[in-house]
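Open your viewer and get ready to click along with this short tour. We will go from strands to helices, one stop at a time.

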Amino acid sequence: MILVTGSAGQIGTELVVELRNRHGPENILAGKHRTPLPDEIASSGPSQIVDVSDPEQLKSTLLNYGITKIFHLSSILSALAESDIQRAHQVNINGVFNVLNAALESNVEQVIIPSSIAAFGTDTPRELTPNDTIQRPSTVYGISKVFTELMGNYFYSRFGLDVRGLRLPGVISWKTEPTAGTTDYAVAMFYGAIVGDKYECYLRPDTALPMMYMPDAIKSLLDLSDANITNLVHHSDFNVHAMTFTPSELEKAIKKINPKFHITYNIDPLRQSIADSWPASLDDSAARKEWGWKPDFDMDSLVNDMYQNLENKLI
Ligand code: AKB
């Protein structure tokens, strides 16, 4: 059986549905903590409260359900982590350690834990960031992601636990909204365009960041999980890239669908400084070579699909 932690979150809600389609609903345990699960998840298969800060509860859940694989998605995103560093430490550092340790003490064979572009900092080359480069993040979220990558690689080399991970960029989706990240503006801009033809952006118009559409994010997690381990040189720290755009470029692309749309700017210094410390684009040749990573969506296809689906949902 496969456990997905953070099943009520932006990525979790969509990953659980895809895994249930592939492996049968009864084989996917939706783990949640504070946020209630959407009906679609709660009613379509097993679910359970999973508290990643409680090692005993975690271990007994893994043993009781016979879990053999974990997609560990619970995480406090960048902006929220800066305003509550205790909780970020509890979930993103203690929680990751507890999951890895409980996996080792049970029958889990593989753990997938996403990292983030936040694992880089201002000392890192910003364009085509190499897979293996300087990582000196300035946020607690970024520090926790470097910890995750290093600890994942450590559990693999020291104990032989198959831990894999990739550095996700901003993920754009229409089903479940992200919670307090820095790249969330891109999702919020679509909501603004559809609901009232306007949006106030908290990042400067020229802030270039890497982004990815949800179907590609799900594909990246599943393809990495399915990859033949003998082909992997890296394990918990793959760059994956799909596209780069700025708020002003996204505004232009949305305007092609909704000419009445316009944006104004009210810069949030915290989120702007976080964004300025992240890469604009990544060299993902290691992921392409070691497990065949290739995104399906570019900016045009993302914007058209996202706008249409969100419009159908909201109107
Ligand atoms: C965030 O903005 O915090 C996340 C991320 C890039 O990891 N979307």
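Select Ile70 and look across to strand 5, where Val111 stands opposite Ile70. Now show the two strands around this spot: strand 4 (residues 69-72) and strand 5 (residues 110-112) run parallel and are joined by three bridges. Strands here are DSSP runs of E with at least two residues, and helices are runs of H or I with at least four, numbered from the N terminus. Two strands count as paired if DSSP finds at least two bridges between them.

A word about what you are viewing: this is a predicted model, in which local features need pLDDT of at least 70 and side-chain atom pairs count only at pLDDT 80 or more, while totals for chains, interfaces and linings use all residues. Residues are numbered from 1 along each chain as its sequence is written, and side-chain values use heavy atoms, leaving out hydrogens and water.

Colour the six strands in the order 3-2-1-4-5-7; they form an open sheet with parallel pairing. Which strands stand at the edges? They are strand 3 (47-49) and strand 7 (162-164), each with a single partner strand, so one side of each has no neighbour in the sheet. On average, neighbouring strands are turned by 20° against each other, direction ignored. Axes are lines fitted to C-alpha atoms (for helices, over the stretch in contact), and angles between N-to-C directions run from 0 to 180 degrees.

**Helices on the sheet**

Then show helix 5 (residues 85-104), lying across strand 4, strand 5 and strand 7 and running at about 175° to strand 4.

Show side chains at the contact (heavy atoms within 4.5 Å): among them are Ile93, Val96 and Phe97 of helix 5 and Phe147, Met151 and Phe155 of helix 6. The contact residues divide into 13 nonpolar, five polar and no charged.

**Last stop**

Select helix 7 (residues 185-196) and helix 9 (residues 247-257), which pack at about 30° with axes 11 Å apart. Tyr185, Ala186, Met189, Phe190 and Ala193 in helix 7 meet Pro247, Leu250, Glu251 and Ile254 in helix 9.

How values were computed. Nonpolar A, V, L, I, M, F, W, Y, C, P; charged D, E, K, R; others polar.
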